[in-house]
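Here are a few exercises to work through with the model open beside you. Try each task before reading its solution.

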Amino acid sequence: MTEATMSRPGAARGLGLIVKRELGVYFRSRSGYIIASLVLLVTGLLFNVDAVGSSSKYSADVLADFFKDASGVMMFGAAFLSMRLIAEERQSGTLPLLLGSSLTEGEIILAKFLSAWVFLVVMITISVYMPLLIFVRGKVSIGHIFSGYLGLYLLGAAVTAIGTFGSAIAKSQVVAVIIGGAITVVLLLVWMLARVVDGSLGDVFGQLALWDKHFTPFMRGTIALPDILYYLSITAFFLVLARNSLESRRWSS
Amino acid sequence: MIRAEALTKFYEHKCVVRDLSFSIQEREIVGFLGLNGAGKTTTLRMLAGLLMPSSGRIEIDGHDLLEKPLEMRWRIGFLPERPPLYEDMSVRGFLAFSAQLRGMDDTKAARRVGEVLETTALSEYADAPISTLSHGFRQRVGIAQAIVHDPALVILDEPINGLDPAQIVEMRKLIRSLRERHTVLLSSHNLTEISASCDRLLVIKDGNLVDEGTEATLSAKHGGARRAVMVTLIGNRKAIEGKLTQSALITGFEVRADNDGVVDVRIDITEPKPESLARELIEAGFGLRRLEPVTSELESTFLRLTGAKS
């Protein structure tokens, strides 16, 4: 074979190959459908019991409660969807195939992350009939629905990136979901520290919290650039950590 | 041509491969021999670009693997000890995916997959899910993914592990056929097989290259083989021991069992052919029920080079 006939594939093509395969796995596998079904089922139940409830509420509050409930359920979904991304490759011995390909570790991690996130986005978007019911029967704006879903997608990206990192450092999927879940819980609960710590350190904790300050505006229909940047930063940070973890494998046994 | 220069690998403070240098000519099939923990797999993984050496240089067709690892990966095909297979995919789908992942466009990948299916005798199973294949066929798919992108160097780590005798014969033919397009470096625990499949052997011990050459040159260089036979004799144990002690054909022996006059003995012999020993034992009046070699020449040489005990 001559050098002219082979080259490093474009990053986009390589990413596309892995994303296509991974999405195929999610859509063909039982586990993908089980996770999606459970997320939608629990979201639907919470919508009826918590968001709609029996007491009278403003439509905007019902919608905000729906996004609050959906965000909690979706985080579980993201953690379980992402646990397999790298850990499964390691368990099944297929990681050398990816590491021996013409893709960088960063591209492999990005492709894996994108596949889980795209599946998550599809899964979350299916729940849109619930906000649309509120839209039809109550008084909420499309902008509020859009804002809530943007928040869900961004929060989902952050939790998926955390799960990808867990999967990159763990030897098994169970350990991966425990690591990803633990980091997510710590980042969720850090707002509690913000309430007991005074001064600028308390502010830092408050700003770090995954849900409290940054998701609440989305669920109330407000889109703010700092909140978008926060979720993008968390996503990028954990993807870089995952890439570094994968790269370090080339130096260790 | 593949050249490894002063390859060294530390895992934390433990040196697994030390100052290892060798070269492999184009279209040569070279076997990597060594005991477990000798550094074979570490070396193969470094050559495959999956592991970075602590120091040293790897050159493939004049290009430095460590300087441009991404650009070099398509020149290498690697079959790890456990074949990397996506079991949910069909053989054809998996091979096409593997080829595209290494930079082949769709058209070339489809053509090359067809060729590789022929080479590895997998055409009949092309559309079968990999999960339904037997161990032997999975191993073939593993080799197919290592060659599908037409690399210059094919590295096979224990390719005959777990295969039955018939599959080993088929695998030997397949490995020999790879030389038409590739340089092959393989490791194996099966000494007979590695000798039959390879043009040349590299013997590694404690991460160092102990020696290299053909089986014949290695055996000659290291003072010939130490040969041993297992013998089952009918007779009195003391008489047998007395005879064996006096025989000039024997350098040592060990009685392994004595069941009412049926005596199993392991005997180290000086001559390459054990017929003389058989004749001498029969002429001494013992019944000879069994005589079989227990070490091949390669095994003897290997044991001597690696310092292992038989």
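**Exercise 1.** Which residue in β4(B) does Thr8(B) stand opposite? Then follow the pairing onward from β4(B).

*Solution.* Keep in mind that this is a predicted model. Step one: look at strand β1 (residues 2-11) of chain B, which runs antiparallel to strand β4 (residues 55-60) of chain B, with 5 bridges joining the two. Step two: find Thr8(B) and look across to β4(B), where Ser55(B) stands opposite. Step three: move on to strand β5 (residues 63-64) of chain B, which pairs with β4(B) in the antiparallel sense over 2 bridges. Here Ile60(B) has His63(B) as its bridge partner in β5(B). Step four: check the turn. β4(B) and β5(B) make a hairpin with 2 residues between them, and Asp61(B) in that turn has a positive phi of about 50°.

**Exercise 2.** In what order do the 4 strands of the open sheet in chain B lie, and which strands stand at the edges?

*Solution.* Step one: the order is β12-β13-β11-β14 (chain B), with antiparallel pairing. Step two: β12 (250-259) and β14 (287-293) of chain B each have a single partner strand, so one side of each is left without a neighbour in the sheet; these two are the edges. From one strand to the next, the twist averages 20°. Step three: inspect one pair inside the sheet. Strands β11 (residues 227-234) and β13 (residues 262-269) of chain B are joined by 8 bridges, and Val231(B) has Val265(B) as its bridge partner in β13(B). α10 (residues 275-283) of chain B lies across β11, β13 and β14 of chain B, and runs at about 165° to β14(B).

**Exercise 3.** How many residues of chain A are in contact with chain B, and which element gives the most?

*Solution.* Step one: 24 residues of chain A are in contact with 28 residues of chain B. Step two: α1(A) gives the most to the chain A side, with 5 residues. Step three: by class, that side has 9 nonpolar, 11 polar and 4 charged residues.

How values were computed. Residues numbered from 1 in each chain as written. Chains lettered and ligands numbered in written order. Predicted model: local features only at pLDDT ≥ 70, side-chain atom pairs only at ≥ 80, totals over all residues. Contact = placed C-beta atoms within 7 Å. Nonpolar A, V, L, I, M, F, W, Y, C, P; charged D, E, K, R; others polar. Pairing = 2+ DSSP bridges. Axes fitted to C-alpha atoms, helices over the stretch in contact; angles between N-to-C directions.
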